[in-house]
Amino acid sequence: EMLTFSAGEIISYARCPYDYLLGNLWGYQPGLSEGLGYGNSLHYCLRRASDMVKNEGINPASAIATAVDEDFFMPYAGGKVFEDFKNKARETLLKFAYNYTEDFGRIEEVEYRLEFPIHGASITGRVDVLLRDGETLEVRDYKTSEEARTFDETSTQVQLYSLGLNNLGKQITKGSVAYLEEAAVREVIINEKTLGFALSQAEGHVRNI
């Protein structure tokens with residue numbers, strides 16, 4: 001049987017195999033909190049705004065304001081708590097858009113889904129955004145504090161996505177991680193050595209799983 005793992009599952013196993021066992025195989029979930037879903041909603045609103053910039057030509061600030069007003073949602077927060085989260089989300093994304101306005105003009109694909117084979121399994125993923133600058137194609141992953149991943153872990157995820165896209169003929173030469181709440185972007189090194197290391201690590205984790 002060909003096993004399939006998301007890139008996130010591979011990273012979860014690399015961080016802590018026992019946590020992977022509890023959450024991914026046995027189904028244990030963390031307790032509910034009012035703030036649950038804030039990070040996911042930031043992701044979704046930014047993706048909606050990116051779609052509007054790319055497909056409708058709306059400027060980034062207006063697209064973000066519209067996306068937050070229409071689509072921001074948190075399942076366990078209401079009233080003033082919800083409004084506080086919503087205002088915080090609008091402020092966070094507008095600051096990010098202000099700092100990286102030019103990047104919105106480089107968007108080629110949003111939420112690009114992929115699946116590619118490695119030894120003994122296949123890896124699935126959803127690339128937050130692909131950016132083009134001339135002949136340079138860049139994979140970017142958006143992160144929030146809710147996801148609590150280290151830069152090295154997220155870099156591995158970006159490198160795995162780059163491997164898959166290269167297999168599809170996309171020829172990725174750059175990678176980056178955008179930290180939404182800090183309005184900061186860090187470069188991920190994409191070359192033959194780093195991609196080879198990410199592949200060997202993923203194949204090792206699959207064998208161990």
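Lining residues have an atom within 4 Å of a point. Grid points are joined across faces, edges and corners, and a volume is the space filled by probe spheres set on the points.

I noted that this is a predicted model, where local features need pLDDT of at least 70, side-chain atom pairs count only at pLDDT 80 or more, and totals for chains, interfaces and linings use all residues. Residues are numbered from 1 along each chain as its sequence is written, and side-chain values use heavy atoms, with hydrogens and water left out.

**Second largest pocket.** I read its volume as about 260 Å³. It has 17 lining residues, and Asp152, Thr156, Gln159, Phe197 and Gln201 are the closest to its centre. H1, helix H7 (151-167) and helix H8 (192-208) each give at least two lining residues. Helices (H or I, at least four residues) and strands (E, at least two) are DSSP runs, numbered from the N terminus. I sorted the lining into eight nonpolar, six polar and three charged residues. Here Ala, Val, Leu, Ile, Met, Phe, Trp, Tyr, Cys and Pro count as nonpolar, Asp, Glu, Lys and Arg as charged, and the others, Gly among them, as polar.

**Largest cavity.** I found one cavity of 30 Å³ or more. The largest cavity holds about 50 Å³ of space. Its lining includes Ser50, Phe96, Asp103 and Arg140. By class, that lining has six nonpolar, one polar and two charged residues.

**H1 and H2.** I looked at helix H1 (residues 7-15) against helix H2 (residues 17-25): they pack at about 130°, axes 5 Å apart. Axes are lines fitted to C-alpha atoms, for helices over the stretch in contact, and angles run from 0 to 180 degrees between N-to-C directions. H1 and H2 are therefore oblique to each other. Angles under 35 degrees count as roughly parallel, over 145 as roughly antiparallel, 65 to 115 as roughly perpendicular and the rest as oblique.

**Isoleucine 172.** I placed isoleucine 172 in the loop between H7 and strand S5 (174-179). It is buried (under 20% relative accessible area; exposed is over 50%, partly exposed in between; 1.4 Å probe, protein chains only), at 5%. Beyond its neighbours within four places in sequence, isoleucine 172 is in contact (heavy atoms within 4.5 Å) with residues including Leu130, Leu137 and Ile190.

Definitions and conventions
On a 1 Å grid over the protein atoms alone, a cavity is a set of points where a 1.4 Å probe fits but cannot get out, and a pocket is an open set with protein on both sides within 12 Å along at least five of seven lines; lining residues have an atom within 4 Å of a point.
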